[in-house]
Amino acid sequence: MPGKARKRFRVSRVSTYFILIIFLAPVMWEPVCAQEHGAELFDKIGTQSVIPLDAWIDTGIDWIAITFMDFFDTITLIITKINTGILTALQFIPIYVPKIANTPVALPVLAVLIIPYLWWVASLWTGLFGFAGLWFTANLGLWPQTLETFSLTLTAAFIALLLGIPAGIFAGKSDLVENIVRPILDFMQTLPVFVYLIPAVILFGLGAAPGVVATVIFALPPAVRLTNLGIREVPGELVEAGEAFGCTYLKLLFKVQLPMARPSIMAGVNQTIMLSLSMVVIAALIGAGGLGSEVVRSIQRMLVGKGFVAGIAVVFVAIILDRSTRTIGQRQ
Amino acid sequence: MAAIGAQHVYKIFGEKPEIALDLLEQGKSKAEVQQETGLVTGVQDVSFELDSGDLFVIMGLSGSGKSTLLRCINRLVEPTRGQIYLEIDQKRVEITSLSRKALRDVREKQIAMIFQHFALFPYRTVISNVTFGLEIQGVGKKERTRKGREVLELVGLGGWARAYPSQLSGGMQQRVGLARALANEAEVLLMDEPFSALDPLIKVNMQDELLKLREKVRRTVLFVTHDLDEALKIGDRIAIMEDGQIIQSGTPEEIIVNPRTEYVAKFVEHADASGVLTAGTIAKVLTVNSNMSVNVDTQVTGTEPKLFAEELDITYCLSEDGRPLGCIKDGKTFPIRTLGENPETVDVKDVFIAAGADIPLRQIMDIRLNTSENPIIIVSKNGVFKGIISTHEILRGLLEKGRKDIQHKDNTRESGE
């Protein structure tokens, strides 16, 4: 039998029939079934849980929570420490309240400090926008919450990158690791976010820690994926050049692959930070605090205006975080 | 002892290559093996041996396995079977049986490589690219920079050390690639179609540069190309590959004059032979006889000629040991001026020119253009008369590439394809 081409053609034909049958069978069988059993059959199908997966998961989570209690307590402690550390540092930057026309106006020093930074990484206009955004949120009366959101986001992004970039490197270096990691990432990205808020509360209690954990799960995949992609997209000839000059595994990684993958990795960093922010807002549902808790409170009390104000503050934080990290990868 | 060599090297791509090796040993072709097993033969039973300082060109079309063979030498591609060996400090080191660590050592210091698309690191400056190999070896920064500048000077990029590769043209980028390979002071250079990505004019410049560079720094070079003219121009020896095998190897002239297979002949057909064919190959050999009665003006020839050769209406007078003394045309005796290997332009109309048998056809054409209509006398290295070249021989040399024995191919087979 000549070659592989013939075989592949056959497989594709079989799969075509298979797909046709799957789609056509219900259509053809529907009238037959309806005649024999009446419509109620279709109402019953699929509403009873034959496989008690929910019960199994409950038992599993309970077992994990009890068995690894010390472990989760330690993690909670570490996360809380990082978060309060960043928050304290941010709160340490003073905020002036000069009176303009007898009205006290808040002028956070952070808003001033961000101008030269954004000017450096982006443009002067971005710097001025950053100042305006922070000044605005401070005068909406949301300054403490804004700082909390910043610290939660940075904590989660920091942990996500700490785990995600090395995982991406391993996946980029080994097909086996990539094949293991990819379905896990797919699972993490497609599982509805509210679903893992529940076990997070059970394992890490209420407050910042479960919020950060849920955020890390949500924000980790792009860091892994883009690091993996960056390493895999290094031109073969460059890898060969590195090897031809006698690079070891690690030298090849640090002198050729990582520098070449830098723009892609930095895009992953940016994505991770942005996803962290969006999840941190949702994590307010389990008491993570910050601007998100303002939004949650507004929903509960039907306060349209307050909700919008908090939402706009989130947008400002988002734009500032994005502009601060977006161009880093493109700099030579 | 050879500087580098290969013995019966095979490369089979795919799983369980032993099956393919067995089939190949039974005499099956690459295509048959692929049909039966799905395994692709990259390199099949290749052996060669290079002396120190040789420039060996591996020539073939894409898919002929030439790049794979090159990568087998520093084991970027692991050979399936066979040995590759290298002479290091008068000792024979078998590359194919080295440990990973020892192999890295050889790659660091003995074998450097140059790539088709330059493979420069875009995030590094030119000097930092050039010293990459030294950096891997752990050479100190000061020493690295010194060596890097020295090599950049050598390839004519002295002023570009701080530029980035993207700021350079293609030709300049490949000079950086060349400098990077030279900086390691490796004995063997592997060049994988180094000039194929360049514009034709720059390509020719780079070939000249390479030849010039070889006079300054003598390295053993393995040069892969798909361009026959390039191979003929720069190669000391050429190996022609087809389907993973070397089907002919030899000097450029041997390949032009005696193509061993139809495949090689087809290649060679359109090659520019004028730089490869030597005067000795295309010269018309004349019979020399001793008894001839001619009127010789001994004032021109110096001594009494003892041997004579005749062609058309010209008589060539030779001394007893075969050296040309003068020519007689229309009853008049002309003197002979011998040119060395690099002839200056001659505008003298009333002399005959003698040239060495080893000078290329292109120079003969040059001489012909700048002198009289008279045939050029060809002498061997020790000055003995070999034959003559007139316009007729030059044209025939260009058209038939010196293959006097090869008949023109029968047209029926050509049209049948």
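1. Domain bounds here come from an automatic or database domain assignment. On that basis chain B divides into domain 1 (53-80 + 94-272) and domain 2 (280-400). The centres of domain 1 of chain B and domain 2 of chain B, taken over C-alpha atoms, are 42 Å apart.

2. The model is predicted: local features need pLDDT of at least 70 and side-chain atom pairs count only at pLDDT 80 or more, while totals for chains, interfaces and linings use all residues. Residues are numbered from 1 along each chain as its sequence is written, with chains lettered from A and ligands numbered from 1 in the order in which they are written.

3. Confidence in chain A. The mean pLDDT (the predictor's confidence in each residue, from 0 to 100) of chain A is 87, and 89% of the residues score at least 70. Helices (H or I, at least four residues) and strands (E, at least two) are DSSP runs, numbered from the N terminus. Within chain A, helix 2 (residues 40-44) has the lowest confidence, with a mean of 60, and helix 7 (residues 143-173) the highest, at 94. Over residues 1-8 of chain A pLDDT stays under 50, and the model has four contacts beyond four places in sequence for them. Two residues are in contact if their C-beta atoms, placed from the backbone, lie within 7 Å.

4. Interface. Contacts link 17 residues of chain A with 16 residues of chain B. On the chain A side, helix 1 (3-37), helix 11 (236-244) and helix 12 (249-282) each supply at least two residues. Helix 11 of chain A gives the most, with six residues.

5. Chain B overall. Its secondary structure comes to 17 helices and 19 strands. The C-alpha trace of chain B spans about 80 × 55 × 40 Å along its principal axes. Among contacts in chain B between residues at least 6 apart in sequence, 62% join residues at least 24 apart.

6. A sheet in chain B. Four strands form an open antiparallel sheet in the order 2-1-4-5; strands pair if DSSP finds at least two bridges between them. Strand 2 (40-50) and strand 5 (91-94) of chain B are the edge strands, each pairing on one side only. From one strand to the next the twist averages 20°. Seven bridges join strand 1 (residues 4-13) and strand 2 of chain B in the antiparallel sense. Ile12(B) has Thr41(B), in strand 2 of chain B, as its bridge partner.

7. Helix on the sheet. Helix 1 (residues 17-25) of chain B packs on this sheet and touches strand 1, strand 2 and strand 4 (81-88) of chain B. The direction of helix 1 of chain B makes about 115° with that of strand 1 of chain B. Axes are lines fitted to C-alpha atoms, for helices over the stretch in contact, and angles run from 0 to 180 degrees between N-to-C directions.
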